[in-house]
Amino acid sequence: MTLAAAAQPATLEPRGTDVESRADPAVLAGVQPPATPTSFVAAARTLISVPWLLALAPAALLFFFFLVPTLIMLSLSVVRSEAIGPHGDITLANYVYLLSSPFYVWAVLRTFIIGISTGVLVVAAAFPVAFFLAHTRSRFRGALIALCLTPLLASVVVRTYGWYIILSNYGLFNETLLSVGAIDARIHFVPSTAAIVVGLVHALLPYGILTIMNSLTAINPNVVRAAQSLGATRLSVFVKIIMPLCIPGIVGGFLLAFTGAISAFATAAILGGPKQETIATLINTFMTGVLDWSLSGALGGILIVSTIAVTALGYWFGVGKARI
Amino acid sequence: MSGGVNAARFRPSAWGVLKAVVAIIYLFMLFPVFFTGLASISEGTRAAFPPVGFTLAWWREALEPGWTDPILFSLRISAEASLIALVLGTVLAIALTRYTFPGRNVLVMLTLGPLILPTLVLSVGLLQMFAMLGLSDYVGYGGQLTGYVVISLPFCVRMVAIGISNIPRNVERAASVLGASPWMVQRKIVLPLLKNGLLAGFMFAFIQSFTDSSVSLFLARPGDMPVTIRILGFLDTGFSPTIAAVSMITLILPMVMFAIIDRFGQFGDFIHGDKRHA
């Protein structure tokens, strides 16, 4: 129901009752279709059906400007990187090169550490807010929901810049702590990996709140009432009913935060600085600085594979389960 | 409104602790925006606390063509991309929600693809594709426009699909029984009922494009540069309160826009769609 619930394609299911609209008009008219149509005829019939005519333009857009570019990038990652253009033999040399250098291995590891910590922290911070928003009867509920979504209107660049103001050497934290006398020397909050995580948690928190709130409000209150009338305590209702039922939301929130964090460029570049390389900042270096499209393709390949793997794992682990 | 269990069933002390925790998290969320706003009107060139003096000099600088040009570019290209994505997303949503057809599941996967795969990767791929086809001249504007349409499309499809599923099918049947042509049913019945879904789709598409910095990272060119990339480039060379003022403008503009759009329709349900139980 939300932008964050994108991990649940259920809304796209056609509604079950419309049998007529689905039936073949030829059958309805009493005309039997040929028993064994040739595959060419079948393909032609498929392509000139109403839904495909509708879907043709958007499908073509997605094919030519999403699928093809992604495949081109992946194909460039398995050829040698002498010049622009796919030529030469297919080789895994780019991946081997990246994964045999401690510098790049560290960048990849750092990226995943950032992704996992961001995901865990987003879920930990989003759950209380989502729980509160799902259950409060305050008349400010609508306003509070809007308030936690307004940060989405600001670009990541803008929000990260705010953290830079707060965390930099002459920023709010250091000036305040110095003037209070809590510290003697300025603390270098930025650049650091921790600062990247703080910025990313802030940027991705609204998605976590939306996803978890969605699964909390979907819990049928009768289930809770049933448990209570059977003598369950408040704690056991929470642990045994509410928590298991919102696992899809929690896993979904983690997935969104993780996949958003491992590919974030602006936050890593502003709050991480040159010493905290991540996959995203390395892609930028290879694309614009070194002009090595094969190595940036290989890094993109690592991002794609890990995103798909973690998403699939998340589906298997939680999103598909626990539906009442 | 509130599904699930209500507040009355919680122990008051536990509920109080929860409220305090939530308040702290809200402070955390609003912290950076607040201090960016403060930095944009204080005289110091670095963000010190308490702020020193009051000045509008940074805002004046932010309203010069050097910054308004990229802001206007962002507004224009985002509006264009959102409109294209909305039209394409609407027909795709109709096809996906109203029909079953061979290849439908593949199409659903393809539609959700841009949501799952990192936008940065799309930017790399688009740049490489345009270069390989010898279309490097079109990278700046065309590349970003296509990239924005691709990343906005899943949101439009989703919002319109929700809107369609809220329309009772019998309303359409009634119209066609009474003699309306299929085209007339779409125009007079479906489209007006779909208004909120379309507005929500446009809104999400616009936010995606306007706040993007990943698609444009490799596709922006001098003259075709959105404000986010301009800020990123500026941050490399140094820190200036002018950027704080520019940041505030890029935050306020879409807020005002949506306050206006909100007057024409309600899309609250699309943002926090409560699944109500009878």
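Predicted model: local features only at pLDDT ≥ 70, side-chain atom pairs only at ≥ 80, totals over all residues.
Trainee: At roughly what angle do the axes of helix 4 of chain A and helix 6 of chain B cross, and which residues make the contact?

Mentor: An axis is a line fitted to C-alpha atoms, for helices over the stretch in contact, and the angle runs from 0 to 180 degrees between N-to-C directions. Here the axes of helix 4 (residues 50-76) of chain A and helix 6 of chain B come within 10 Å and cross at roughly 120°. A:P58, A:L61, A:L62, A:F65 and A:F66 of helix 4 of chain A make the contact with B:T146, B:V149, B:V150 and B:L153 of helix 6 of chain B (contact means C-beta atoms, placed from the backbone, within 7 Å). By class, these residues are 8 nonpolar, 1 polar and no charged (Ala, Val, Leu, Ile, Met, Phe, Trp, Tyr, Cys and Pro count as nonpolar, Asp, Glu, Lys and Arg as charged, and the others, Gly among them, as polar).

Trainee: How many residues of each chain take part in the contact between chain B and chain A?

Mentor: In this model, 94 residues of chain B are in contact with 97 residues of chain A. On the side of chain B that touches chain A, helix 1 (residues 12-41) of chain B gives the most, with 14 residues, and that side divides into 63 nonpolar, 23 polar and 8 charged residues.

Trainee: What should I look for where helix 6 of chain B meets helix 9 of chain B?

Mentor: The axes of helix 6 (residues 139-165) and helix 9 (residues 195-210) of chain B come within 8 Å and cross at roughly 155°, and therefore helix 6 of chain B and helix 9 of chain B are roughly antiparallel. Among the residues that meet are B:Y148, B:F155 and B:M159 of helix 6 of chain B, and B:L198, B:F204 and B:Q208 of helix 9 of chain B. That contact has 11 nonpolar, 7 polar and no charged residues.

Trainee: How do helix 5 and helix 6 of chain B cross, and which residues meet?

Mentor: The axes of helix 5 (residues 119-132) of chain B and helix 6 of chain B come within 10 Å and cross at roughly 140°, which makes helix 5 of chain B oblique to helix 6 of chain B. B:L122, B:L126 and B:F130 are among the residues of helix 5 of chain B that meet helix 6 of chain B, whose own residues there include B:V139, B:G143 and B:V150.

Trainee: How many helices and strands does each chain have, and what share of its residues is buried?

Mentor: Helices (H or I, at least four residues) and strands (E, at least two) are DSSP runs, numbered from the N terminus. Chain A has 16 helices and 0 strands, and chain B has 13 helices and 0 strands. Of the 324 residues of chain A, 46% count as buried, and of the 278 residues of chain B, 44% do (buried means 20 or more other C-beta atoms within 10 Å of the residue's own, exposed 12 or fewer, and partly exposed in between, with C-beta atoms placed from the backbone). Among contacts between residues at least 6 apart in sequence, 74% in chain A join residues at least 24 apart.

Methods. Residues numbered from 1 in each chain as written. Chains lettered and ligands numbered in written order. Contact = placed C-beta atoms within 7 Å. Parallel < 35°, antiparallel > 145°, perpendicular 65-115°, else oblique.
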